[in-house]
Structure formats: structure tokens, C-alpha cells
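Let's walk through this protein together, one piece at a time. Keep the picture open while you read.

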Amino acid sequence: MKKINALVVLSMLALGACGPRNLMAPPMAAPVDPVAAVAPAVDDDAAIAGRVLQQINTLRTNIGAPPLSPSPQLDAAALVHSRDMSAQNRAWHWGSDGSSPLDRAQRQGHTGRLIGENISESYEDEIQTLSAWMSARDTRDVIMDPTATQLGFARFKEPSGKVWWTLLTSG
């Protein structure tokens, strides 16, 4: 029995020598935020509007519709409405002052025939928002109307990341 006890003690001593020398826990590193580790994309409104226009014109070309041109007046009306929807905290076509899409376009100096307005409240990017608009007939018709010649587009992004989108077309 003494032989067995001696072997157990020697085994425990040998295993103990393999263990860590410092029994204090290493300092904890700050957790890595996987989102913060990747450089955020620049929220460049002009670049976003340019991508939307390019995507829309590609879609329109596929059906033989003429390309749209950007309209600074419609862009301004779209931005006013995106900000107003955020202030109202609801996506709808009426301004807090009772204005319609046509009223807002005319206030910005637009004189053309307004075809329609698409709006959205989301945490999505511009391509996902455009895709959602293209998946519903009424919003797709605003974008793909063959008589449309001008596009107004804007978004308002809240600090929370929620984005309010407005798109206007005119002929």
C-alpha cells in the first residue's frame, strides 16, 4: 500500500509541475465589438442618391423606359418630407402642415407633373429600400412609369439608425 501511495503522490507532483505557474487570472481584454471593428461606410447622401438613380435607370432601361434625371427641386421636397416624417414619427404622405406631395414639390419650385411619391421608414440601406419598393405594384409603378423624366430622392437618418426615405417622380 505504501508503494501505491508513493506513486500517487509522485504522479500528483509531476502533474502539478505541468500546471500554470501564476495562479492569478490574466487581465481581461476589453470585448471586441465586431461592428466597431469594421470601418463604417460613409453616409454620403450624394453617393446614396447617385446609386439609387443608377439602379432605377438600369431597371427602366430593361423595360425600354427612358432614364430619369435628378431634380434638385424634387430632391429638396423629398428631404423636407423625410425630416417631417421623422418629426411626426410616422411614414405617410401628408406633411405635419397638411401638405401633399404636390404641395411640397411646388413649394420647392418644381413646375412639372408629379407622378408619385414613395416613402419608407426602415433600418435598411438604399438598395434594400428600392428592392422593397419594386416588390409592390403601386410603388413600382411610381418608379417605372414610362412618362416619368425626373427623380427626387432623399433620406433622413436618425441617430438611432432609423432612416426615413422619400422618392418622387415627375414627368
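## Some ground rules

Two strands count as paired if DSSP finds at least two bridges between them. Helices (H or I, at least four residues) and strands (E, at least two) are DSSP runs, numbered from the N terminus. This is a predicted model, in which local features need pLDDT of at least 70, side-chain atom pairs count only at pLDDT 80 or more, and totals for chains, interfaces and linings use all residues. Residues are numbered from 1 along each chain as its sequence is written, and side-chain values use heavy atoms, with hydrogens and water left out.

## The parts list

The protein chain has seven helices and four strands.

Now take contacts, that is, heavy atoms within 4.5 Å. Among those in the protein chain with a separation of 6 or more, 68% join residues 24 or more positions apart.

## The sheet

The four strands form an open sheet in the order β1-β3-β4-β2, with mixed pairing. β1 (69-70) and β2 (114-122) are at the edges with a single partner strand each, so one side of each has no neighbour in the sheet.

β1 runs parallel to β3 (residues 150-157), joined by two bridges. Pro-70 has Leu-151 of β3 as its bridge partner, while Ser-69 sits opposite Gln-150 in β3. β3 and β4, on the other hand, are antiparallel and share eight bridges. Here Lys-157 faces Val-163 in β4. Five residues lie between the strands of this β3 and β4 hairpin, and Gly-161 takes a positive phi near 100° there.

Helix α6 (residues 126-134) lies across β2, β3 and β4, and runs at about 125° to β2.

## Two helices packed together

α3 and α6 pack at an angle of about 35°, and their axes are 10 Å apart. On the α3 side, the residues in contact include Ile-48, Arg-51 and Val-52, and on the α6 side they include Glu-126, Ile-127 and Leu-130.

## The cores

What is a nonpolar core? Think of a set of buried Ala, Val, Leu, Ile, Met, Phe, Trp, Tyr and Cys residues joined through side-chain atoms within 4.5 Å. The largest one here has 17 residues, and Ile-56, Trp-133, Ile-143, Phe-153 and Leu-167 have the most contacts inside it. α3 (45-62), α6, α7 (137-144), β3 and β4 each bring at least two residues to this core, and α3 gives the largest share, four residues.

Which residues does Ile-143 touch, leaving out those up to four places away in sequence? Among them are Ile-56, Leu-68, Trp-133 and Leu-167. Another core, of seven residues, lies apart from the largest one and includes Leu-74, Ala-77, Ala-154 and Leu-168.

Definitions and conventions:
Axes are lines fitted to C-alpha atoms, for helices over the stretch in contact, and angles run from 0 to 180 degrees between N-to-C directions. Buried means under 20% relative accessible area, exposed over 50%, partly exposed in between (1.4 Å probe, protein chains only).
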